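Please open the structure in a viewer and keep the sequence at hand. The stops below are arranged so that each selection leads on to the next.

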Amino acid sequence: MNRGAVVLAVLHPGVAMASAIAAFVFFLICGDPWRLGVFMGLLCLVECGYGMTVPLLRTMMVFVPAGVVMALSTAWITGDMASAGMIVVRFATLWLSATPLVCVPELAFVRMLNQMRAPRTVALIILIALRSMHLLAAQMHMVYTAWRTVPRGGGRGVKLVRIAVPLMNRVMVISTCMAVSVEMRCFSLDSRVPASVYHPVALHRRDVAFLVLLALAMVVAVTLPWVRHG
Amino acid sequence: MGEAWVSGMGDGGGGVVSGVVSHTAAVAALTVRHLWCAYGDGEPWVIKDCSWTVPAGSLTVLAGASGSGKSTLLSCIAGLAAHEPTMRWRGDVLVDGVSHTGRSVCEIAQTVGFVQQNPEAQILNATVEDEIAFGCENLAVPAQEIERRVRTYSAMFHLDPTAAAARLSGGQQERVCCAAALAMDRPMLLLDEPLASLDREGAATVMGALRRLADAGRTIIVCEHRIREVEPYADHTVELIDGGIRPCTLHPCTLRPGTLMPYAQRSGSHAGAVSDDCPRPEEHHSENIRTGVRVPLPRMDGVRVRRHGRTTLDIDRLELHDGDALMLLGENGAGKSTLLSVMAGVLHPSAGRCLDGRGRIIRRASARAEGFRLWRLGASSSGLRTAYLWQNPDYQLFTASVIAEMLARNADREACMAVLEEMGLAGLASGYPLALSEGQKRRLALATCLVSCPQLLLLDEPAAGQDEDRVSDDMEAVRRYLDTHECACVMATHDLRGAERIANGTLVMRQGRVSRR
């Protein structure tokens, strides 16, 4: 009966968000690619240790190609290959920092924000943004699969249309459906409207340990090159 | 069901039809007053001066041809039309005597629940449990009560609360949406084709649950084409014709379980060859078997597919010949769509092989995960022309007009128009495909499949979203195609209307295996 059960290693949504912000801030402060590389390697190890290997591979399929495309187009426009390399590193950092967020169920964020009595608009934005990511990935796969069964013919433009039109249509249908679905579940943007919390979100030891490991990774990334160079 | 009856008759455009159930007080839970609705300025009215009264505590079935405006009417009742900027409407809708005018969708949603089509887009959470709990949390239901409801409704709909919603089959997702809507325990519930992807057992489960809720005083309106499966549970059945509500006029034969109205009887052709009695499915099976030399088509040997750590398909041997029309039956998640995907070449088996009619291997086992085989060639690489009707036709429509959609598959305009005529879409030839109703889109997708002259025709839920008459006509078109071309057809369906008329073989699947032939 327990087919397809969710077995993701789930962090506290606040911890996932804090780690994402911390990782990105570290990237902004630290401009040295060598230090960044060390940090990213350690972060990757920590995330794998927390059972996020499969989500890491999945998000990599989105972030890394996007980074390469952005880097190549930037290099083509500016003629500066060094900046292109930095863009790839930026996307890789985004990838590693976004993965814990993707692993957290959407409703955990909503529940956490309800517990904090935060503005409902924030909860709605997070709910829609995270859900859209999952749905979009699934729809891209479905449209591509269906495209493979459509008879071939025409040039590259025609082939692109055969993917782009159904995909755009699905994006519109899904956005409408999601909006209606949220409203029909009585999700109110008014914070005064009472809402209950079914499973309150609590901070566990493993969440604190994740933050400590993240901080350690930052410290090692900063100090290790200094030790190496004396 | 008691003494359910429909009182009042529709007249002209604005007649009032009210369904009254003898065992409940005739309190109007829903009143629709002179409702007009159209999609934008200058567009024809979809709903025309519709007036309708539904008593409290009743289960009403709303039938009607695909594209007749059933979903539009439900949107108006749910209060969505008033907040849709592109919609033009006038009239009034009252629920328990309170008008929708001036109320937000969220306010209306506290009394009216709405389950739309497209279950995958409605699911907002990762697990079944969260999905059922989400609406209850927004209504400030105490946690203990939510837990009770999650337990009750997941058991009622045979769902595993810990299951990942995204990995469920279309029918299972449909059941999740119904469970989530029912768990919110609102006085009125609207369901738009809730049985479209459900097997018979699932359909009976959903309708049984709705019947119990109606008996407990909830007002339920179900828009559905599978009339014979919902009619036994309904207090009354009405039909949307020309934008207005009328008493249901569907042929009684189509409502009798296990029988079908013969196409020839309705169309008038071969009238002498068909008896007056509706034939049983097995009679069709014997008629449909083609005799003489038959060209062999694909064969599957020991094909196994493993996904998400479990075996989703395990077929020892399956052989097809031209003229075969194989019907795949089985509960939701039994592996029917997976089998079609393997046949279409978009999913590669983990073990075994597929061969063409000459014994050449066209698909072999792949140790690599399916999702990473992006570079793999499509179905046409096998040399066998394959056409696949997807469960969701939106994936395979991409041009600016219906006729262009057909011409993209076959340059012969006359042939395209002939197929469109057969499918009842000739009048919509210049229309935009993605603006058609769900049923019309599915018919167009089927028409594109037929016009591309396939040798292997794969149909996933061809009857979903279609009215009784259209299903028979569509299946007859498939039958004619099979009779005149070297082609085999495999249909995965829960809806036996029409499919059993053309099928000459049946596979019943269970947990990825063939349990009965």
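**Salt bridges and the contact between the chains**

A search of the whole structure finds 22 salt bridges over all chains, a salt bridge being a side-chain nitrogen of Lys or Arg within 4 Å of a carboxyl oxygen of Asp or Glu. The model is a predicted one, in which local features need pLDDT of at least 70, side-chain atom pairs count only at pLDDT 80 or more, and totals for chains, interfaces and linings use all residues. Residues are numbered from 1 along each chain as its sequence is written, chains are lettered from A and ligands numbered from 1 in the order in which they are written, and side-chain values use heavy atoms, with hydrogens and water left out.

Select R111(A) and E137(B) to begin. Their side chains meet in a salt bridge (3.0 Å, N to O). R111(A) lies in helix α5 (residues 106–115) of chain A and E137(B) in helix α4 of chain B, so the pair joins two chains; helices (H or I, at least four residues) and strands (E, at least two) are DSSP runs, numbered from the N terminus. Both R111(A) and E137(B) are buried, where buried means under 20% relative accessible area, exposed over 50%, and partly exposed in between (1.4 Å probe, protein chains only).

Next, display the whole interface. Chain B contributes 74 residues to the contact and chain A contributes 53 residues, with contact meaning heavy atoms within 4.5 Å. Between them the two chains bury about 5600 Å², 58% of it on carbon and sulfur atoms; buried area is the accessible area (1.4 Å probe) that two parts lose on being put together, summed over both. On the side of chain B, the residues that lose the most area to chain A are L124(B), Y395(B) and F398(B), together 14% of what that side buries.

Five salt bridges are found across the interface of chain B and chain A. One to select is the pair E120(B) and R170(A), whose side chains meet at 2.5 Å, N to O. Among the elements of chain B that give two or more residues to the side touching chain A are α3 (119–122), α5 (143–156) and β18 (386–389). The largest share of that side, nine residues, comes from α4(B).

**Within chain B**

Chain B has 17 helices and 22 strands, and 60% of its 517 residues count as buried. Select helix α12 (residues 336–344): eight of its nine residues are buried, so the helix is largely enclosed by the rest of the structure. Among the buried residues of α12(B) are K336(B), L339(B) and M343(B). G345(B) follows α12(B) and has a positive phi, near 85°.

Move to helix α7 of chain B, where D215(B) and R211(B) lie four residues apart, about one turn of the helix. Their side chains meet in a salt bridge (2.7 Å, N to O). D215(B) counts as exposed at 53% relative accessibility, whereas R211(B) counts as buried at 12%.

Then select R409(B) and E405(B), whose side chains form a salt bridge (2.8 Å, N to O). R409(B) is buried at 14% relative accessibility, and E405(B) is buried at 0%. Another group to display is R170(A), E120(B), D394(B), E438(B) and K441(B), joined into one network by salt bridges that share partners.

Two loop residues come next. E193(B), in the loop between β9 (188–192) and α7 (200–215) of chain B, has a positive phi of about 50° although it is not a glycine. Is E193(B) buried or exposed? E193(B) is buried, with a relative accessible area of 7%. D242(B), in the loop between β11 (236–241) and β12 (244–247) of chain B, also has a positive phi of about 50° without being a glycine. D242(B) counts as exposed, at 60% relative accessibility.

**A last stop in chain A**

Select T99(A), which lies in helix α4 (residues 81–103) of chain A. T99(A) is buried, with a relative accessible area of 0%. Leaving aside neighbours within four places in sequence, T99(A) is in contact with E47(A), M52(A), P55(A), L56(A) and T59(A).
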